[in-house]
Amino acid sequence: MNEPDREALGEDLPGIWHSPSTTAAERKGILRLIVCEVVLDQKRFQGQVWFKILWQTGATSEHSLQRRVHTYGDYADLERLRRRVIELNAASKMDKEIAATLNTEGFVAARGCAFKGENVWLLRTRWDIPTVKINGTSANPDRWPDGTYSVQGATAALGVTPQTVFDYLARGWIEGRQLTKGQPWQIGLSTTASRHCGHESNARDDQRRRHHDNFGDPTYADAILDRLVHIAHRIDLTGESLRRKQPQKA
């Protein structure tokens, strides 16, 4: 590189470096021109790479970057991460929600990737941070202390499948709530709702029994019906059934 080129480089180094026309080989040449020596140290700071640059002008500058580590024991700024997980957990955030918040705030997992729910679960377990689920790590009971039902409890009370309970919730036939996404359902079963859902369940059971007889195999019949009902749309019709009318003679 001749003297005029060096002067042009000194006047607009960022522009030349980021220019689309500058090749990787040219950037490497620029570094060799302006950098005299680089000293690295991976043990000076936990979870970070410290490096010092000796520039051709004789000036020096020190920097550090967070590096990938195999365990959280070597993680950079581990205490700040622990405090943040505790704060988000205290705000009733589920593990996936905590992971999303950590990613938004610029935290990265030990191996340099984005946080996932399982990473947060691992950290909570290591730091003895309890889950925010209303039943902790125990299985959902049939009924909660306030008298509402879990999905399993509603399934047993109505005599339907769990998927049917979710269908009833989506249609508004029964009322339920979650403290936050990922928390267990707390379902209230009023007498009217139970009677309505029970009538619907009995009608479905009668239909299933008829289909069992038609197909000759209950397993095949249930598998076929599940695939049809899963994508079906309910249409309520009123009036007399046209199938019951006698066909008119031509």
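Which helix does N89 lie in? I started my notebook here, keeping in mind that this is a predicted model.

**Entry 1: N89**

I find N89 in helix 4. Buried or exposed, I wondered of N89? Its relative accessibility is 9%, so I count N89 as buried, the cut-off being under 20%. I then followed the side chain of N89 and saw that it reaches the backbone oxygen of P130 at 3.2 Å. Leaving aside neighbours within four places in sequence, I list I98, R124, I129, P130 and V132 as the contacts of N89.

**Entry 2: the nonpolar cores**

Next I looked up the largest nonpolar core, which has 17 residues. The members that touch the most other members are Y72, Y75, L81, L102 and F115. I checked which elements give two or more residues to this core, and they are helix 4 (78-90), helix 5 (95-104) and helix 6 (117-126). Not counting residues up to four places away in sequence, L102 touches L81, R84, V85, L88, F107, F115 and V120. Another core, of 11 residues, lies apart from the largest one, and I note Y149, A154, V165 and Y168 among its members.

Then I turned to the packing partner. The axes of helix 7 (residues 151-158) and helix 8 come within 9 Å and cross at roughly 100°. I therefore call helix 7 roughly perpendicular to helix 8. Where they meet, I see V151, A154, T155 and L158 from helix 7, with P162, V165, F166 and Y168 from helix 8.

D77 is not a glycine, yet it has a positive phi of about 55°. I place D77 in the loop between strand 3 (60-66) and helix 4. With a relative accessible area of 44%, D77 is partly exposed.

S92 also went into my notes, with a positive phi near 65° in a residue other than glycine. I find S92 in the loop between helix 4 and helix 5. At 41% relative accessibility, S92 counts as partly exposed.

Definitions and conventions:
Residues are numbered from 1 along each chain as its sequence is written. This is a predicted model: local features need pLDDT of at least 70, side-chain atom pairs count only at pLDDT 80 or more; totals for chains, interfaces and linings use all residues. Side-chain values use heavy atoms; hydrogens and water are left out. A nonpolar core is a set of buried Ala, Val, Leu, Ile, Met, Phe, Trp, Tyr and Cys residues joined through side-chain atoms within 4.5 Å. Buried means under 20% relative accessible area, exposed over 50%, partly exposed in between (1.4 Å probe, protein chains only). Helices (H or I, at least four residues) and strands (E, at least two) are DSSP runs, numbered from the N terminus. Contact means heavy atoms within 4.5 Å. A polar contact is a pair of N or O atoms within 3.5 Å; within protein, one must be able to donate a hydrogen and the other to accept it, and residues adjacent in sequence count only if both atoms are side-chain atoms. Axes are lines fitted to C-alpha atoms, for helices over the stretch in contact, and angles run from 0 to 180 degrees between N-to-C directions. Angles under 35 degrees count as roughly parallel, over 145 as roughly antiparallel, 65 to 115 as roughly perpendicular and the rest as oblique.
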